[in-house]
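Biologist: I would like to go through this model feature by feature. Could we start with how packed helices are read?

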Amino acid sequence: MTEKSRKIMIITGATRGLGRVMIEKFIDLGHTVCGCGRSEGAIAELQKQYPMNHHFNTVDVSNARDVNHWAQGLLAKGIVPDMLINNAAVMNRPSSLWEISAEEFSEIVDVNIKGVAHVVQAFVPAMVQQKSGIIVNFSSGWGRSTSPEVGPYCTTKWAIEGFSQSLSQELPQGMASVSLNPGVINTDMLRTCWSGSAALYQSPEEWGKRAIPVLLNIRPADNGKALTV
């Protein structure tokens with residue numbers, strides 16, 4: 001890999017599941033990765049495992065001040081992402097909409113929608129200034145369809161589709177904003193919904209083999225697209 005082909009990846013929700021797989025595979029391919037997550041212990045493990053040129057921070061994406069502090073620290077080091085991946089999300093406890101508490105609904109909105117907005121607002125101005133970079137906002141099959149008992153999650157992922165489309169219309173030439181449905185993967189989130197049947201689906205590691213080439217092949221010409229792995 002040449003110096004020119006190396007990319008700086010910034011990934012939210014970095015400590016488990018798809019985030020952890022993306023970090024490992026991007027680093028194995030020679031890219032520089034910066035990530036964040038809410039677990040201090042898991043972030044410390046990542047930084048210990050990947051000490052050279054990679055940066056991992058404990059950040060709650062639902063907190064705008066937290067996100068801005070994280071972004072300012074990286075940008076001050078000259079770290080401007082070539083690819084910004086908004087992967088952090090939480091799932092509601094499977095229940096009818098009228099059984100979901102206001103507090104639980106708010107938390108899902110705060111992480112899944114506001115968290116993406118906070119990260120975009122913190123990093124994208126620097127990307128716009130250099131007129132390059134790809135923004136990938138993780139959506140879901142439930143951002144393009146619905147099922148019972150996951151209404152709050154569906155709500156947030158449908159919002160991400162609209163958010164990504166609107167952002168795509170604001171970016172300068174040379175950039176792209178896309179939504180990405182990662183497919184059905186056996187993660188903690190899926191097990192929350194489907195319990196034992198989640199094991200019938202691909203593991204995060206299996207997903208990564210297909211997903212990483214898809215991510216690395218996103219180009220400015222894809223701006224505004226709703227992609228699927």
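Modeller: Two packed helices are described by the angle between their axes and the distance between the axes. In this predicted model, helix α3 (residues 64–76) passes α4 in a right-handed crossing. The contact involves A64, V67, N68, W70, A71, L74 and L75 of α3; from α4 it takes H118, V119, A122, F123 and A126.

Biologist: At what angle do α3 and α4 pack, and how far apart are their axes?

Modeller: The angle is about 25°, and the axes are 8 Å apart. Because angles under 35 degrees count as roughly parallel, α3 is roughly parallel to α4.

Biologist: Which residues make the contact between α4 and α5?

Modeller: First the geometry. Helices α4 and α5 pack at an angle of about 15°, with their axes 9 Å apart, so α4 is roughly parallel to α5. Their crossing is right-handed. On the α4 side the contact is made by F105, I108, V109, N112, I113, V116, A117 and V120. On the α5 side it is made by P152, Y153, T155, T156, A159, I160, F163 and L167.

Biologist: Now the sheet. In what order do the strands lie?

Modeller: Strands of a sheet pair through backbone hydrogen bonds, either parallel or antiparallel. Here 7 strands form an open sheet, in the order β3-β2-β1-β4-β5-β6-β7, with parallel pairing. The edge strands, each pairing on one side only, are β3 (55–58) and β7 (226–228). From one strand to the next the twist averages 20°.

Biologist: Which residues stand opposite each other around β4?

Modeller: Take L84 of β4 as the reference. I10 stands opposite L84, and in β5 the bridge partner of L84 is I135. Strand β1 (residues 8–11) pairs with β4 in the parallel sense over 3 bridges, while 4 bridges join β4 to β5 (residues 133–138), again running parallel.

Biologist: Are the faces of β4 buried or exposed?

Modeller: Both faces of β4 (residues 83–86) are covered. M83 and I85 on one side, and L84 and N86 on the other, are all buried.

Biologist: How many bridges join β1 and β2?

Modeller: Strand β1 and strand β2 (residues 32–37) pair in the parallel sense over 4 bridges. M9 stands opposite V33 in β2.

Biologist: Which helices should I place against the sheet?

Modeller: Helix α1 (residues 17–28) lies across β1, β2, β3, β4 and β5, and runs at about 170° to β1. Helix α4 also packs on the sheet, where it touches β1, β4, β5 and β6 (175–181). The direction of α4 makes about 175° with that of β4.

Biologist: What unit do β4, α4 and β5 make?

Modeller: With α4 spanning residues 102–130, the three make a right-handed β-α-β unit.

Terms used. Residues are numbered from 1 along each chain as its sequence is written. This is a predicted model: local features need pLDDT of at least 70, side-chain atom pairs count only at pLDDT 80 or more; totals for chains, interfaces and linings use all residues. Side-chain values use heavy atoms; hydrogens and water are left out. Buried means under 20% relative accessible area, exposed over 50%, partly exposed in between (1.4 Å probe, protein chains only). Helices (H or I, at least four residues) and strands (E, at least two) are DSSP runs, numbered from the N terminus. Two strands pair if DSSP finds at least two bridges between them. A crossover is right-handed if, with the strands pointing away from the viewer, the path from the first strand over the helix to the second runs clockwise. Axes are lines fitted to C-alpha atoms, for helices over the stretch in contact, and angles run from 0 to 180 degrees between N-to-C directions. Angles under 35 degrees count as roughly parallel, over 145 as roughly antiparallel, 65 to 115 as roughly perpendicular and the rest as oblique. A crossing is left-handed if the near helix is turned anticlockwise from the far one by less than a right angle, and right-handed if clockwise. Contact means heavy atoms within 4.5 Å.
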